[in-house]
Amino acid sequence: MPVIAVLLFALGGSGDIWTHLVETALFGYVETTLWLMLGVGVSVFITGVSAAWLVTMCRFPGRKIFEWLLLLPLAIPAYVIAYAYTDFLEFAGPVQRSLRAAFGWESMQDYWFPNIRSLGGAILMMGLVLYPYVYLLARSAFLEQSVNVLEASRMLGRGPWRTFSTVSLPAARPAIAVGVSLALMETLNDYGTVDFFAVYTMTAGLVDVWLGMGSLAGGAQIATTMLVFVVLLIMLERMSRRHQKLYQQASSRYKPLPAYQLGGLKAGAAVTVCALPVVAGFLIPVLVLARLAFIYFDRSWTPDFQLYVFNSVALSAAAAAIALTIALFVAYSRRLHGGKILAFATRVATLGYAVPGAVLAVGILVPFAAFDNTVDALLRKYLGISSGLLLSGTVAAVLFAYVVRFLAIAMGQVESSLEKVSPSMDMAARTLGYRAGQTLVRYHLPLIRGGMLTAAMIVFVDCMKELPATLLLRPFNFDTLATHVYEFASDEMLGEASLGSLTIVGVGLIPVVLLSRMISRTRQTLGASAD
Amino acid sequence: MKSTLITNSDDPLNAPRPLLEVRKISCNYGLERAVFDLSLTVHRGEQVCLLGPSGCGKTTVLRAIAGFHPLLTGEICINDQQVSAVGAMVPPEARRVGMVFQDHALFPHLSVRQNVASGLRLFSAREQKSAVDDMLDRMGLSRHAEKYPHELSGGQQQRVALARALAPKPLLLLMDEPFSNLDQELREHMGQEVSDMLKENGITCVMVTHDQNDAFALGDHVAVMADGAIIQWDTPYNLYHQPCTHFVADFIGNGIFLAGIISTPTRVATSLGDLESDTDLKMTVDASIEVLIRPDDVVHDPDGPIRAKVERRAFKGAQIMYTLRTAEGITLLALFPSHANFEISDEVSVRLAVDHLVVFERESEA
């Protein structure tokens with residue numbers, strides 16, 4: 001629905017800003033966005049695939065730990081890492097200070113230092129926190145590859161490298177493509193980083209046109225352009241997923257993968273390759289934030305801050321609960337009836353995750369505002385009172401955006417856990433005298449409890465991190481942790497923002513831990529089912 | 001009442017009212033027709049098997065009886081009550097039908113006792129306990145009452161599934177490939193055990209399987225299905241010895257088809273000599289036919305008229321199955337006792353010992 005609203009509004013919107021945009025900024029926005037996506041795509045591909053291959057196919061000291069350490073950067077939103085590195089690398093920051101001390105430089109003129117607040121910097125930041133998407137999917141693709149195929153390849157005379165490039169990599173290609181497209185969707189969604197680094201992508205442009213120029217129509221028009229990108233990404237993802245099903249026919253028998261034992265220099269190199277993204281993507285930013293948070297603790301730990309935490313938690317929890325309820329309802333009715341219309345509705349409903357938060361915000365605000373205006377006009381006309389804003393600019397709008405955007409995650413989790421419950425389980429319960437609803441409560445819910453909890457957790461954390469939609473839709477003077485952090489950071493008060501950033505990272509760690517536990521558990525059950 | 005297409009009672013007048021009547025039902029599976037005008041009658045205490053290759057619609061029939069699958073035509077009655085008709089279905093939970101599944105479908109979060117008790121929630125706690133205890137005792141599961149499904153072996157899980165289905169005393173027990181998750185040895189053992197148990201307790205049962213051994217172990221009558229219809233309804237003995245179509249003859253047991261021509265109403269001329277039948281073949285003279293030759297119809301006889309070369313041998317313990325090729329280029333399957341031990345390419349003399357000829361009209365060769 002929000003998507004349709006964007007399209008309609010963009011078509012009927014005020015033309016003057018559009019022509020103005022086309023003449024001036026739009027191509028710049030598109031060009032920057034393309035460069036950013038290309039850069040992020042390449043960097044997540046290289047980092048994610050190499051790390052995944054090393055931890056699955058090779059044996060070197062610390063491999064087991066790296067397996068889940070490599071997931072940690074996922075906990076950090078791109079804007080938070082951007083703030084951390086800005087502080088770390090700025091003129092007065094520790095890196096430049098020690099460089100100056102080491103080489104005796106005095107001022108900025110004495111040396112050249114790359115400016116992190118640039119397109120390159122944004123690519124680096126996003127690459128560092130988004131590579132886990134590729135890593136996760138590539139890793140499971142490598143794990144699920146039939147050992148026999150790999151062994152056959154070795155028997156046919158290919159060395160480890162040729163086996164990787166001619167067998168493993170092509171077979172994992174669809175999974176990697178899914179990972180890259182997910183990372184790119186996040187890139188498109190990002191507002192905090194690009195705003196802070198003054199990189200004018202389409203998202204930045206959209207918020208600018210809307211908040212800066214006050215033109216919702218202009219925003220909607222940029223949003224439409226972005227939707228073209230979104231559609232392309234969705235197509236890439238869906239196509240890859242279809243291939244993935246063909247390529248990853250995991251053999252039911254679990255065999256430990258043949259591992260290349262690395263020693264000496266090679267092991268050192270492997271450790272370095274794996275450690276680099278963890279250190280740069282997690283350790284450094286967290287340490288920087290922790291130091292700042294410690295220094296500024298008294299100034300940031302205020303009643304206001306506690307209110308923001310409460311706002312964030314309450315909103316996210318509500319969104320998670322709503323999303324989960326809808327997901328459960330839809331998934332279960334699909335299981336019972338399995339109609340084509342329902343299947344189509346689910347697919348549409350789950351497209352939300354691909355739509356950038358800023359676009360979604362426009363799409364929600366337009367119909368909500370129309371509704372409010374209509375109600376308001378009617379009431380004024382007949383009752384002489386003004387209803388004011390009922391939906392737009394309320395917490396309900398933010399909540400709605402969260403649910404639309406993250407419903408896909410809840411759906412995916414609930415559906416896959418329901419799928420694991422054999423259909424004969426339903427039939428068994430029915431023949432034992434339980435109606436469909438009773439079956440759900442008595443037998444399905446206990447069985448899918450784990451999956452439900454994971455889904456709730458992931459939705460919760462994603463809502464906590466979500467910035468652009470919150471920023472655009474929140475009521476006046478209403479702040480969540482994310483917007484609070486953003487506002488302080490935009491005012492260059494990184495110290496005050498650090499405690500909030502650190503809290504977001506801390507909360508973000510929960511699903512990452514869950515995820516890594518889930519991964520190790522699937523390995524165990526695979527192993528257990530083999531005998 | 002109009003007599004149904006297939007009856008399993010020799011004397012319809014004296015027969016008691018059947019427990020399950022499936023009358024001319026048709027069902028779709030997905031968008032394709034999976035069951036065509038199928039009828040089936042099962043009497044109290046009878047065990048019936050639907051046997052057929054995968055995709056023949058047998059599971060769809062079972063699901064229709066259980067109430068999980070709607071009908072396009074026909075009706076289903078259980079205990080003289082209509083439970084399924086076009087556009088009208090009594091929900092599965094109200095049919096008093098028990099079901100055992102291929103994957104057992106035990107509730108993994110409940111103990112054995114709780115699993116068996118799941119169908120008894122309308123009983124008082126005391127009745128529940130005594131019914132469950134009784135059931136567990138009868139199945140030899142008393143020691144495992146507090147265990148969880150994953151702690152049990154395949155055979156034990158099978159028994160729990162059966163106990164759970166039988167505990168509410170259903171009118172009819174349905175089983176969907178109940179033994180296919182068990183390994184070969186256990187499978188035969190369980191088949192026998194379940195068959196005995198059902199007979200002792202007079203339980204009416206419809207089972208679906210693609211494995212003829214399962215079907216023969218359990219079914220008083222077996223319905224061989226293909227392409228959504230019942231091809232032959234008979235006892236296991238008759239299915240093997242008097243298959244009514246080429247398909248059934250091919251599907252049940254081993255054997256080859258030998259081309260021949262009817263020379264007299266009780267005599268067939270084949271390239272391996274003339275064969276005499278003990279009954280009238282009811283075929284026109286000179287008709288092109290094929291004769292079913294089972295491996296046990298081919299007898300090792302040093303003075304036998306047929307000379308053949310051993311092409312393949314499969315050792316089966318007490319017996320050896322040989323694939324033979326005659327001088328005329330005809331392939332025969334022969335089951336000899338293990339004492340008659342031949343190597344590949346050895347020359348063997350055999351004769352055909354067929355009393356009751358199974359003869360089909362020859363399908364025009366494509």
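A residue is called buried here if 20 or more other C-beta atoms lie within 10 Å of its own, and the legends below apply that term to a predicted model.

**View 1. Chain A as a whole.** In this predicted model, the secondary structure of chain A comprises 23 helices and 2 strands. Of the 531 residues in chain A, 47% count as buried. When contacts in chain A between residues at least 6 apart in sequence are considered, 83% of them join residues at least 24 apart.

**View 2. Helix 5 of chain A and its covering.** Helix 5 of chain A, formed by residues 78–89, is mostly covered, with 11 of its 12 residues buried. At 1.5 Å a residue, the 12 residues of helix 5 of chain A should span 16 Å, which agrees with the 16 Å between its end C-alpha atoms.

**View 3. The crossing of helix 3 and helix 13 of chain A.** The axes of helix 3 (residues 26–57) and helix 13 (residues 264–295) of chain A come within 10 Å and cross at roughly 130 degrees, which makes helix 3 of chain A oblique to helix 13 of chain A. The crossing of these helices of chain A is left-handed.

**View 4. Residues at the contact of helix 3 with helix 13 of chain A.** From helix 3 of chain A, Thr47(A), Ser50(A), Ala51(A), Leu54(A) and Val55(A) meet Ala270(A), Val273(A), Cys274(A) and Pro277(A) of helix 13 of chain A. The residues of this contact divide into 7 nonpolar, 2 polar and no charged.

How values were computed: Residues numbered from 1 in each chain as written. Chains lettered and ligands numbered in written order. Predicted model: local features only at pLDDT ≥ 70, side-chain atom pairs only at ≥ 80, totals over all residues. Helix = DSSP H or I, 4+ residues; strand = E, 2+ residues; numbered from the N terminus. Contact = placed C-beta atoms within 7 Å. Axes fitted to C-alpha atoms, helices over the stretch in contact; angles between N-to-C directions. Parallel < 35°, antiparallel > 145°, perpendicular 65-115°, else oblique. Left-handed = near helix turned anticlockwise from the far one by under 90°. Nonpolar A, V, L, I, M, F, W, Y, C, P; charged D, E, K, R; others polar. Expected span 1.5 Å × (residues − 1).
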